[in-house]
Amino acid sequence: MNKNSRTIGILGGMGPMATVDLFKKIVNESGAERDQDHHKIIIFNNPKIPSRSEAILKGMNTAFPQLLKSAKTLEAAGADFIIIPCHTAHYWFRELQDQLNIPIINMIDNTVNYINSLTKNESQKVLILATRGTIYSKIFQNEFMIKRIPYVVPNSEEQEIVSKAIDFTKSNLVETNPYISKLNNMIDNYITGNHITCILAGCTEISLLLPYLTHKCSKIDSSLLLAKRAINEANQ
């Protein structure tokens with residue numbers, strides 16, 4: 001690693017376990033052999049940011065002020081760029097970026113570009129597992145449509161399963177999450193009936209559940225992709 005590497009800023013707390021997971025992935029992917037080989041990282045873990053999904057679904061502006069304040073805190077602390085381990089927060093990506101002097105790496109674009117490099121056959125489909133706010137705002141669907149990547153989203157009953165799985169993960173229940181079996185059954189039905197080839201962890205809490213999803217189709221961990229991208233950017 002370049003000893004003069006740039007400083008990564010993580011706007012975290014959405015939720016805290018997902019923030020820890022991203023930090024751990026950056027550490028694990030760094031290839032470091034000693035302390036000095038690791039990357040400089042500033043983490044602002046702000047779990048007091050209001051619900052992003054609720055703000056989107058109810059048309060409120062409750063989350064953005066705290067997101068912006070947190071981003072500016074990282075900027076003032078010396079971060080060279082920012083990553084946000086929360087897909088739903090990217091609903092405000094442009095508004096945040098417009099008010100900062102340092103770049104934010106767009107987690108949505110980073111993930112979609114990766115999937116686009118894998119998806120060559122029109123018959124392939126991606127199952128998006130995300131929060132209600134992310135699904136409702138279509139931040140993934142719009143990008144998939146632009147790149148002509150086939151996708152499916154859960155129906156309202158299935159989305160309830162996904163949302164409950166996310167909620168329990170936020171309460172620190174990962175391996176013992178009571179909705180893992182229902183999530184696995186739902187995915188089984190999609191593999192059989194819709195011929196999906198990829199499961200997209202479109203929520204950083206879903207990334208934490210990927211080891212417990214027992215399917216042979218590809219699992220896209222957008223948190224891991226973001227960690228790798230952050231390392232590349234830091235080494236520039």
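Ile-128 stands opposite Leu-200 in S6. Strand S6 (residues 198-201) pairs with strand S4 (residues 126-129) in the parallel sense, over four bridges; two strands pair if DSSP finds at least two bridges between them. Strands (E, at least two residues) and helices (H or I, at least four) are DSSP runs, numbered from the N terminus. This is a predicted model in which local features need pLDDT of at least 70 and side-chain atom pairs count only at pLDDT 80 or more, while totals for chains, interfaces and linings use all residues. Residues are numbered from 1 along each chain as its sequence is written, and side-chain values use heavy atoms, with hydrogens and water left out.

The open sheet that holds S4 and S6 has four strands in the order S5-S4-S6-S7, with parallel pairing. Strand S5 (151-152) and strand S7 (218-221) are the edge strands, and each pairs on one side only. Helix H7 (residues 139-146) lies across S4, S5 and S6 and runs at about 160° to S4. Angles run from 0 to 180 degrees between N-to-C directions, and axes are lines fitted to C-alpha atoms, for helices over the stretch in contact.

## First sheet

Another open sheet is formed by three strands in the order S2-S1-S3, and the pairing is parallel. Strand S2 (41-45) and strand S3 (81-83) stand at the edges with a single partner strand each, so one side of each is left without a neighbour in the sheet. From one strand to the next, the twist averages 25°.

Strand S1 (residues 8-12) runs parallel to S2 and is joined to S2 by five bridges. Ile-10 has Ile-43 in S2 as its bridge partner. Helix H11 packs on this sheet, touching S1 and S3, and the direction of H11 makes about 175° with that of S3.

## Helix pair H1 and H11

Two packed helices are described by the angle between their axes and the distance between the axes. For helix H1 (residues 16-29) and helix H11 (residues 222-234), the angle is about 50° and the axes are 9 Å apart. That makes H1 oblique to H11; angles under 35 degrees count as roughly parallel, over 145 as roughly antiparallel, 65 to 115 as roughly perpendicular and the rest as oblique.

H1 and H11 cross in the right-handed sense. A crossing is right-handed if the near helix is turned clockwise from the far one by less than a right angle, and left-handed if anticlockwise. H1 contributes Asp-21, Leu-22, Lys-25, Ile-26 and Glu-29 to the contact, and H11 contributes Ser-223, Leu-224, Leu-226, Ala-227, Lys-228, Ala-230 and Ile-231. Contact means heavy atoms within 4.5 Å. The residues of this contact are seven nonpolar, one polar and four charged. Ala, Val, Leu, Ile, Met, Phe, Trp, Tyr, Cys and Pro count as nonpolar, Asp, Glu, Lys and Arg as charged, and the others, Gly among them, as polar.

## Helix pair H8 and H9

Helix H8 (residues 156-170) packs with helix H9 (residues 180-194) at an angle of about 140°, and their axes are 9 Å apart. H8 is therefore oblique to H9. The crossing of H8 with H9 is left-handed.

In this contact, H8 supplies Glu-158, Ile-161, Val-162 and Ala-165, and H9 supplies Lys-182, Leu-183, Met-186 and Tyr-190. The residues divide into six nonpolar, no polar and two charged.

## Domains

The domain assignment of the protein chain gives domain 1 (8-106 + 224-235) and domain 2 (108-221); such bounds come from an automatic or database domain assignment. The C-alpha centres of domain 1 and domain 2 lie 21 Å apart. In domain 1, 21 residues are in contact with 26 residues of domain 2.
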